[in-house]
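Please walk me through this protein model, from the whole chain down to a single residue.

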Amino acid sequence: MTSKKINAAAAGTWKLGDLTVNRIGFGAMRLTGSAAFHQGTPGDRTRSIAVLRRAIELGVNHIDTAAFYFSSLRSANELINSALAPYTDDLVIVTKVGPFRDYSGEWGTSARPEDLRGHVEENLRQLGRDHLDVVYLRRMRQDSIAEHFGALAELREAGLIRHLGISSVEPRHLAEAQAIAPVVSVQNRYGLDSPDPEADAVLRACGEQGIAFVPFFAIAGKGGALGPSDDTDDVVLAVARAHDATPAQVRLAWTLQQGPHVLAIPGTGNPDHLAENVAAGALRLTDDEMARLDALHTRAQ
């Protein structure tokens with residue numbers, strides 16, 4: 001499929017609280033290098049800034065980032081600040097807190113509730129903002145998120161955060177968080193190549209309640225933070241050929257067609273891949289194609 005004259009608005013819109021975003025957004029993790037964190041080589045700074053500015057030109061108004069998205073030479077938040085500040089009123093920048101990496105890039109102990117204000121303030125400093133549009137609490141294996149989410153709810157009341165989300169959660173955590181403060185979005189690992197019955201249940205619960213569901217690694221699948229693997233199923237390849245599309249575009253289209261509340265945040269440091277990802281928002285799969293892909297997703301579970 002062509003990526004010319006395609007705009008992120010082609011995928012439709014959804015609301016994160018009172019903030020309207022196009023359903024095709026942008027994930028900042030891959031801006032910093034060839035693989036996430038310190039696993040690859042640092043990205044070219046000029047090219048990364050160009051990718052961010054091109055994303056805005058293509059209608060992207062939802063950017064997902066985190067202070068712990070950095071490589072040995074690059075910081076996603078610093079790149080966003082350099083490329084896009086002063087920010088337009090319609091640009092929604094969301095971040096997440098909970099995980100922690102020290103200055104050398106090593107993963108440290110995840111945040112205690114009392115640490116979360118420091119995590120939020122670090123994102124504010126790096127992005128050059130006085131408030132954060134949406135902040136996700138990334139669950140780090142704790143059984144209950146009430147204490148951590150409650151700490152973020154207090155920061156929301158203090159005006160440092162506009163809206164709250166949760167990430168890497170089970171359905172019971174959504175109910176637990178909602179008893180404390182409104183949840184506008186849930187971000188879980190989810191994709192055609194990442195079968196998980198529990199993630200399917202969270203997706204359905206969000207749809208029933210009008211909450212945004214934002215999958216991460218929707219393209220990368222089993223490759224995760226290292227990027228997409230070369231292992232592509234014949235069903236995906238056949239659907240891609242039928243639409244003159246790439247397998248990545250088919251995966252994104254399938255993800256978006258799971259419901260109008262599903263948002264996509266594909267990340268890349270490659271301007272050509274950026275255009276392809278945004279173009280996928282206009283790809284409409286047939287009922288038969290969706291059934292074949294759904295069967296592939298279910299069969300892998």
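The paragraphs below start with the overall fold and end with one histidine.

This is a predicted model, in which local features need pLDDT of at least 70, side-chain atom pairs count only at pLDDT 80 or more, and totals for chains, interfaces and linings use all residues. Residues are numbered from 1 along each chain as its sequence is written, and side-chain values use heavy atoms, leaving out hydrogens and water.

The protein chain holds 10 helices and nine strands (DSSP runs, numbered from the N terminus: H or I of at least four residues for helices, E of at least two for strands). Along the principal axes, the C-alpha atoms fill a box of roughly 50 × 45 × 35 Å.

Of the 301 residues, 55% are buried (under 20% relative accessible area, with a 1.4 Å probe and protein chains only). Contacts are heavy atoms within 4.5 Å; among those between residues at least 6 apart in sequence, 75% join residues at least 24 apart.

H163 sits in strand β7, residues 161-167. Why is H163 counted as buried? Because its relative accessibility is 12%. Leaving aside residues up to four places away in sequence, H163 touches L16, G17, D18, L19, D133, V134, V135 and V184. With one of these, D18, the H163 side chain makes a side-chain polar contact at 2.6 Å (a pair of N or O atoms within 3.5 Å; within protein, one must be able to donate a hydrogen and the other to accept it, and residues adjacent in sequence count only if both atoms are side-chain atoms).

Terms used
Buried < 20%, exposed > 50% of the residue type's maximum accessible area, 1.4 Å probe, protein only.
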